Each structure stands twice: as C-alpha cells, then as structure tokens.
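I opened this model to look up its domains, its core and a few strands. My notes follow.

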Amino acid sequence: MTPPIVDPTRRGAELDLDAPASTVPRQRWRGPAIAMVAALLVGAGGGATLRTLTADPPPPVLPQVELGFVEAHLDGDTVATLGVTVHNAGRTPVTVASFEADGVHPGHLSQPLHVTVPSGGTSTMRVTVTADCRKSIDASPLAAEVRMTDGTTATAVPSRQLASAGGLCRQVRGALPDGWWDPWPGVKVEVTEAKLILTLPPLGDGANLSGVWAGKTILTYQERPELVGDRYPPITLLPPDVCLPEPRLPTGLRILVAGTPSGLLDRYVVVGPTLARWLLRYC
Amino acid sequence: MIGDAAPTVQVVAPRPAPVLGPPLPQPPPVRERSRHLPALAAAVAMLVLVSGWTAYRLTSPPGDPARGVVAAVTGATSAAVSGASTLPTRRALLAITIANPGTDTVTADGYAFTSRSSGAVGLDQPTAHVSPGERVEITVDVAVDCGRAAPLLLPDLVIEESDGGRREVPAVGAVAALMDICESGPSPGRPLTVVGTHRDGDTLVVGVAAPSNRRTVVRSIRATGVVLDAGALPLRVDRRGEELRLTPPPTCPRAWREDGIPQYLDVEIDTEGPSISRLPVGKPLTSWVLDVVCRGVA
C-alpha cells in the first residue's frame, strides 16, 4: 500500500508511513454531520431572531414617590398638608392621576391630582387632607401610593416622621395649638386697652385654674384669681413683654384646669384676631 | 509498516500537493444515498425545530428585577461643623429608605459617578441588601457647603440587581432635605432670606434674595396652609434679590382666625429639585394680615 504523501515544503510536514490510506467512513458521514451542525445553527439563530422580533417592549420605568409632612392647621377641622414628591426617571412624561392612602382617616382616601411630571423631572404635589386625630393617637399605619393615568401604581415611601404607626397624628398634634382637641365654647374674652379680661364658666366641684397660655407663653394675672363657689370672677391678664417667637401669632388661649374628675384638662378657646392684635401691640 | 512499493517523495510547488496512493474511494451508489436522504432531512428538520424552540425560550428579553425600587431621603439631622458655627458649612446624617417592591433581592452599592457640581461633599459609601417586599434604611454622612452657588444634590445610588444588572436610582427628596439643613444654619447659607418689606396700598411687598446666588425659582407661596397671590410666578431669585408682591385674600381665612396669624411664609422653591423655604417675615406680615386681610374681624 502506498503511504499518503503530503506537501513536504509545509513547515512541520512529515511522512507518516503508518497512517491508513483509506478515510472512507469519515468522508461518508461528513455531509450529514455538516447538515446537522448547520441545522442547529439555523434553528438557534431563527428562534432567537423570532423571539427578538416578537418580544414585547420592556416595561416602562416606574416613577419614584416620596411622602412627607408639610404642615397642619385648624380650619374648622384638623387639616394636614402632605407633600407628594414624584421623580420620573422614564423617557416619557407621566401623569399622576390620583393619590391613594389608607391610615389618614377612617376609610380609604383617594384624591385626584392630574399633574404631569416631565421625563427626568421631579415635581411636588400638595395634598390637603382632613386628619382624624381628635380622639386619641391613631395607631393605624399609613400606606400610600399614586396612580398614573395608564393604570400603573407606585408606592409612596413615607418620611420617617410619617412611617411609624400614628405618625401623621403625632405630626398634626405637634403643629396645632395645645388643647385644640378640647374646645371650650363658654369662655368669654374681652380686650380693653392693655388688659385682657377672661370670664370662665363654672368649673365644677374641686376644679381650679392652673394657668392660661398664649401659644407656648404663659400669661400673667394682674391679681391672683380666687374661686367664689365653683367659678372665678373675671380674670385680668397682662400681655407678655416680648414678641412671641412662634410661627403663628396665637388667636386662641390654652387654659389648664386641674382637679376635675378627669384630672388635668387642657382646653382651647378660640378668640380670633383680637387676641393677636393684643399680643402684637407690645411687640 | 512499509508497503510493497518504495516510498516516493514528490515535491510539487506551490500547491496543491499531489497525492499519490491508491485510487480515491468511490462514493456510494446513488441509490444507497437517496435511501438515507429522507431520514436525514427529517433529522435536520427536527433539529432545526428543536434548536429554534430552545433558542426562542432561552433568549427571552431580560426582565426588570429592580422595577419600582425607590430610594428616598426620609430623615435628616444636622449640626454645624466643629469650630465653624458662623460659617455656612453643615454636617448632616441623612436617612435614606430603600424600598424594594419587586420579587428579587437588590443591593445598594455606593454612589454613581457624576460630573455635576454639588454643594454636598464628603460623602461616604452606602451599602445595603434589600429583600423583596422590604424597606431598608441606611444612613449616610454628608458635609454640605450651603454658601456655594452649586445646587445641593446627592449623587444617584447604584442599585445592583440579582441578575447582575446595575441601575442608578436618585434619592428622592435629597434636595429638600439638604435645603432644610442649610435653612437651619447661619444666614449666608440659607436658601432665601428677607431683605426688606414695605406696603404698597393693600399689597405687602417682601424683598427676598438667595445669598448663595444659587439658581432659585419661586413657585408658590403659602401661609398657614393658605395659598397667597404673589404676582407673576415662577420668579427667579438670585443674590441681588427680587420682590414678592402679596395681594390680600378676599376674606380672612378661617385657618388664620382659628389657628393663628402667620409670621412665616412657606415659599415653594426649585433649585434642581423642589423644596420649601420658611421665610421669617415677622411683624410686617402679621400687621398686614391684621390691618388689611382680617380688618374688622374680631
């Protein structure tokens, strides 16, 4: 048998006299093997291409939402203002349809907003809610989200102040004048020149006046009030000798009554702008 | 083993190399090849289908494991830098809550690179693992130079997804938190300051300025929850100052009658992000409210 001859000019070429001369079996399967590999590649490529062409677009980026406490005030009821900050990291503007929350007051809160946040932009929306904080500290946790016009929702992450159970009511109580939860309608207040004259209704057996505050400042009596029976004669109060350094000039008085069957009572009397004028006169 | 013929080396240049030896094997007869052809075609077709289906299933587009991940500044505490209580430089600890509403764990892995100038410097690197459906609060240490004209920004957080993907997520509310920190410091670093007030008929004119010369846009003004008409807004304010012309509301608002007469203005501003600046106006504001807005109200 003649051994195979290769090109000896090729580097490393050598003559293998032991090599079999015939390669018939390998050549016989070469065609089918190539066909199989080609089928594998064509099939895989086709499948991947088909998947790419028929794939749905990726879901849009959800806006990021933060919920914070802004302020609270008395307005016939206890009104709190919340700030909803929405950041839109997507490529298209999003429109916030509504603000949804549980834990603000009994039942579900839904407030329409209809504010559009541009791509890459951040907007803050003010949500004014009536917070039900009169009875006691409301311990229900606050859960809030915003709903977009396309139906998607994004959870609002509450600030640390609001996140704990009863956090909203704690903020509301901190922002409102002390005693607001127990208004005292029978109190009469008159301003004459430099003096403020306070007439209290009967206090009941054993009860007595502990002090009168305007905001965080205790007011001084012109004369120490003495009980006559279960009521005080009109009490004359003197204005503070400094301007009250508070965010709001008080329009109501906080009256502390001790010795009642319920213990110490913290009550609030709405006086109106007259009280603020009296306080401002000496600033 | 050497064959019956002596080996012959024949050099042919350049190519092809001549091959000497026995005659090449003849291809099988046509009838034998055609007998295997249907089976071969069926196998190839089956292979195309199977490999195509497998590729279709395996190459599904990547999902979005970090979809809905939120990072928000939920708290801040600050103090003056030691020995510099009169300088507008503050040191703050920011609490950042990372919420993961998704179904895979994500990891916060430091800050993203940014080329934007910021008054917030000296940041440390936050790290946290957030399981699905959980919220994790991390604390970062920030030094804030409130007197710089650059906006007060926090770099985006890098969120690493479970499939290895990385995403940059901004900390929502960072601007407002940093502005609050500056507002509690000395006057040169405050976002807005009152530079003067006067009356123009029933209108209260409040002069405001941004001492840092930071780009500041006034969006709206409120006092104890009541929106005030301040003329043409938005209004851009810089170091030289601008005037806010407050026209009185038609009636004395109930909030002011029951809860108190405002001494501060809550000014909603935008400095590369929304925030609220509390402007202490004091007696000029309360006098205006009592003399003009609540005139004749007991």
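**Domains of chain A.** I looked up the spacing first: the centres of domain 1 of chain A and domain 2 of chain A, taken over C-alpha atoms, are separated by 37 Å. Domain 1 covers 64-175 and domain 2 covers 188-280. These bounds come from an automatic or database domain assignment.

**Ground rules.** I am reading a predicted model, where local features need pLDDT of at least 70, side-chain atom pairs count only at pLDDT 80 or more, and totals for chains, interfaces and linings use all residues. Residues are numbered from 1 along each chain as its sequence is written, while chains are lettered from A and ligands numbered from 1 in the order in which they are written.

**Confidence.** I checked pLDDT, the predictor's confidence in each residue, from 0 to 100. Chain A averages 84, and 88% of its residues score at least 70. Within chain A, confidence is highest in strand E3 (residues 94-102), at 93. It is lowest in helix H1 (residues 24-54), at a mean of 83.

**Domains of chain B.** Here the assignment gives domain 1 (70-183) and domain 2 (191-293). Their C-alpha centres lie 30 Å apart. I then looked at contacts, meaning C-beta atoms, placed from the backbone, within 7 Å. In chain B, 12 residues of domain 1 are in contact with 11 residues of domain 2. The domain 1 side of chain B that touches domain 2 divides into 9 nonpolar, 1 polar and 2 charged residues. Nonpolar here means Ala, Val, Leu, Ile, Met, Phe, Trp, Tyr, Cys and Pro; charged means Asp, Glu, Lys and Arg; the others, Gly among them, are polar.

**Chain tallies.** Helices (H or I, at least four residues) and strands (E, at least two) are DSSP runs, numbered from the N terminus. Chain A has 4 helices and 16 strands. Chain B has 4 helices and 18 strands. I call a residue buried if 20 or more other C-beta atoms lie within 10 Å of its own, exposed if 12 or fewer, and partly exposed in between, with C-beta atoms placed from the backbone. By that count 31% of the 283 residues of chain A are buried. In chain B, 38% of the 298 residues are buried.

**Core.** Which residues have the most contacts inside the largest nonpolar core? They are Val65(A), Val84(A), Val172(A), Ala71(B), Val144(B), Ala171(B) and Leu178(B), in a core of 117 residues. Helix H2 (residues 174-183) of chain B gives the most to this core, with 8 residues. A nonpolar core is a set of buried Ala, Val, Leu, Ile, Met, Phe, Trp, Tyr and Cys residues joined through C-beta atoms within 7 Å. I picked Val84(A) and, leaving out residues up to four places away in sequence, found that it touches Val65(A), Leu67(A), Phe99(A), Thr124(A), Met125(A), Val127(A), Val146(A) and Ala156(A). Val172(A) sits in helix H3 (residues 167-175) of chain A, where the buried residues include Leu168(A), Cys169(A) and Val172(A) itself. The buried residues of H3(A) pack against strand E1 (64-74), strand E2 (78-87) and helix H2 (160-163) of chain A.

**Strand E9(A).** Strand E9 (residues 195-199) of chain A has Leu196(A) and Leu198(A) on its covered face. Lys195(A), Ile197(A) and Thr199(A) are on the uncovered one. Strands pair if DSSP finds at least two bridges between them. E9(A) is joined to strand E8 (residues 188-192) of chain A by 5 bridges, running antiparallel. Val191(A) stands opposite Leu196(A). The hairpin of E8(A) and E9(A) has 2 residues between the strands, and Glu193(A) takes a positive phi near 55° there. E9(A) is also joined to strand E13 (residues 235-238) of chain A, antiparallel, by 3 bridges. Leu198(A) stands opposite Ile235(A) there.

**Open sheet.** I traced 4 strands of chain A in the order E11-E10-E15-E16, with antiparallel pairing. Strand E11 (217-218) and strand E16 (263-270) of chain A are the edges, each pairing on one side only.

**Arg248(A).** Is this residue buried or exposed? Arg248(A) counts as buried because it has 22 C-beta neighbours inside 10 Å. It lies in strand E14 (residues 248-249) of chain A. Leaving aside neighbours within four places in sequence, Arg248(A) is in contact with Thr224(B), Asp259(B), Gly260(B), Ile261(B), Pro262(B) and Gln263(B).

Definitions and conventions. Two residues are in contact if their C-beta atoms, placed from the backbone, lie within 7 Å.
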